[in-house]
Amino acid sequence: MPKYKIALLPGDGIGNDVIKAAMIVIDKIKLDAEFIEAEIGWEFWKKEGNPLPDRTIRILKNTDCALFGAITSKPKDEATKELAPELREKGYVYYSPIVRLRQEFNLHTNLRPCKAYKGNPLNYRDDINLVIFRENTEGLYAGVEYHPVPDNFRKIINKHRKMRKFEKVLNSDMAISLRIFTKKGCQRILQSAFDYAREHKRKSVTLVEKPNVIRETSGMMVTEARKMKVKYPEIELIEANVDAMAMWLIKNPQKYGVLVASNMFGDIISDLAAQLIGGLGFAYSGNIGDSYALFEPTHGSAPKYSGLNKVNPIAMILASRLMLEWLGEQEKAEKVEKAVSEVLEEGKVKTYDMGGNSSTLDIAKVIAEKIHE
Ligand code: IPM
Ligand code: MG
């Protein structure tokens, strides 16, 4: 029996192209694993009213971890318009399957390395090596939202002195998305960030929040961070407001090592950081829980490039590298990392985003050739 069972979720559009590329590299590394393909994405939303069918959840439950390509996702109303006619007006509501997977499998830690590889012509500068820890199941992504706002909820908020100016607003003219933090959620993501900093000998952890305005939720994160820091005397805790951080990351990205943030702020700063090291072709993440994890490139499904064998597969290949590390296959993970960095440094093969004309599979093959037993 193979050592690992891994679910493959290619999803939509270029998700299929980049998963094929990653499999060339994984084949070369000779991972003792069985790969089980499962269905996810827009096609299943349109046909079945569910982009994440139950059969897919069952497959995932029966695997050690998953590799995810990309999916198309659209706002609620646009999604409803694309449902098969016989499914319309039956109450189907679109939810992002990746957000649902994070919730259902309690993948509470989103790990996003952003490293500038030497030779990558898209680097903003060559000395950037950031790792972002984004809380992945709470905050503004908790999914507690109302429109219209229910009466009992209005009663509570109308009592609030600051809400008087909204008193006359109709329930139907108001929408609410709740930002929910728990102590446990804060502690978990902070501990992951500090543990990582200790293990990788990083000097600081930077907390990216906004406690001067969002006092209760961001405030809880700051309080927990200060308590956590005491257990890591060798690591400095830097407290930054998210708006200022956006500026500092552009000004001095090389000064930062480990960043930690709640869900939405982590989402935003991780795109900013990704652009500093080459953009979507290099941005990837691990969605990690206590006993399951899912690894993905951060890019979308880019329908216009679908099936053209054109897009950059490096984010997907690096997501696989992160999976190897999580599985405890350190040596194999390092081989992939070394191969990617050698190929970038040599600069002979480049996809269109890097100013070249090599194909998705060309890059994967050249990376695979660099891997030796
Ligand atoms: C990400 C993406 C997702 C998110 C989208 C696709 C729902 O932007 O992984 O950063 O908002 O988390
Ligand atoms: Mg994002």
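**View 1. The largest cavity in this predicted model has a volume of about 50 Å³.** A cavity here is a set of points, on a 1 Å grid over the protein atoms alone, where a 1.4 Å probe fits but cannot get out. Grid points are joined across faces, edges and corners, and the volume is the space filled by probe spheres set on the points. Lining residues have an atom within 4 Å of a point, and for this cavity they are Arg112, Pro113, Cys114, Ser270, Asp271, Ala274, Ala283, Tyr284 and Thr298. Strand 4 (109-115) and helix 10 (263-276) each give at least two residues to the lining. Helices (H or I, at least four residues) and strands (E, at least two) are DSSP runs, numbered from the N terminus. By type, the lining has five nonpolar, two polar and two charged residues. Ala, Val, Leu, Ile, Met, Phe, Trp, Tyr, Cys and Pro count as nonpolar, Asp, Glu, Lys and Arg as charged, and the others, Gly among them, as polar.

**View 2. The second largest cavity holds about 40 Å³ of space.** Around this cavity you will find Glu135, Glu138, Gly139, Ile180, Phe181, Gly185, Cys186, Met221, Ser262 and Asn263. This lining divides into four nonpolar, four polar and two charged residues. In total, the structure holds four cavities of 30 Å³ or more.

**View 3. Asparagine 129 sits in strand 5 (residues 129-135).** With 34% relative accessibility, asparagine 129 is partly exposed; buried means under 20% relative accessible area, exposed over 50%, and partly exposed in between (1.4 Å probe, protein chains only). Leaving aside residues up to four places away in sequence, asparagine 129 touches Cys114, Lys115, Arg202, Tyr256 and Gly257, where a contact means heavy atoms within 4.5 Å. Cys114 also belongs to the lining of the largest cavity. Between asparagine 129 and leucine 140 there are 27 Å from C-alpha to C-alpha, and the two are eleven residues apart in sequence.

**View 4. Helix 13 (residues 360-369) has buried residues at Thr360, Ile363, Ala364, Ile367 and Ala368.** Down the helix axis, these buried residues fall within an arc of 130°, so they line one face of helix 13. The arc is that of the directions from the helix axis to the C-beta atoms. What do the buried residues of helix 13 pack against? Their partners are helix 1 (14-29), helix 11 (314-327) and helix 12 (330-346).

**View 5. A cis peptide bond joins histidine 147 to proline 148.** Its omega is near -5°. Proline 148 lies in the loop between strand 6 (145-146) and helix 6 (151-158).

**View 6. Glutamate 89 and asparagine 106 are two loop residues to look at together.** Glutamate 89, in the loop between helix 4 (76-81) and helix 5 (97-104), has a positive phi near 60° though it is not a glycine. Is glutamate 89 buried or exposed? Glutamate 89 is exposed, with a relative accessible area of 82%. Asparagine 106, in the loop between helix 5 and strand 4, is also not a glycine and has a positive phi of about 45°. At 33% relative accessibility, asparagine 106 is partly exposed.

**Notes for all views.** Residues are numbered from 1 along each chain as its sequence is written, while chains are lettered from A and ligands numbered from 1 in the order in which they are written. In this predicted model, local features need pLDDT of at least 70, side-chain atom pairs count only at pLDDT 80 or more, and totals for chains, interfaces and linings use all residues, with side-chain values based on heavy atoms and with hydrogens and water left out.

Technical notes:
On a 1 Å grid over the protein atoms alone, a cavity is a set of points where a 1.4 Å probe fits but cannot get out, and a pocket is an open set with protein on both sides within 12 Å along at least five of seven lines; lining residues have an atom within 4 Å of a point.
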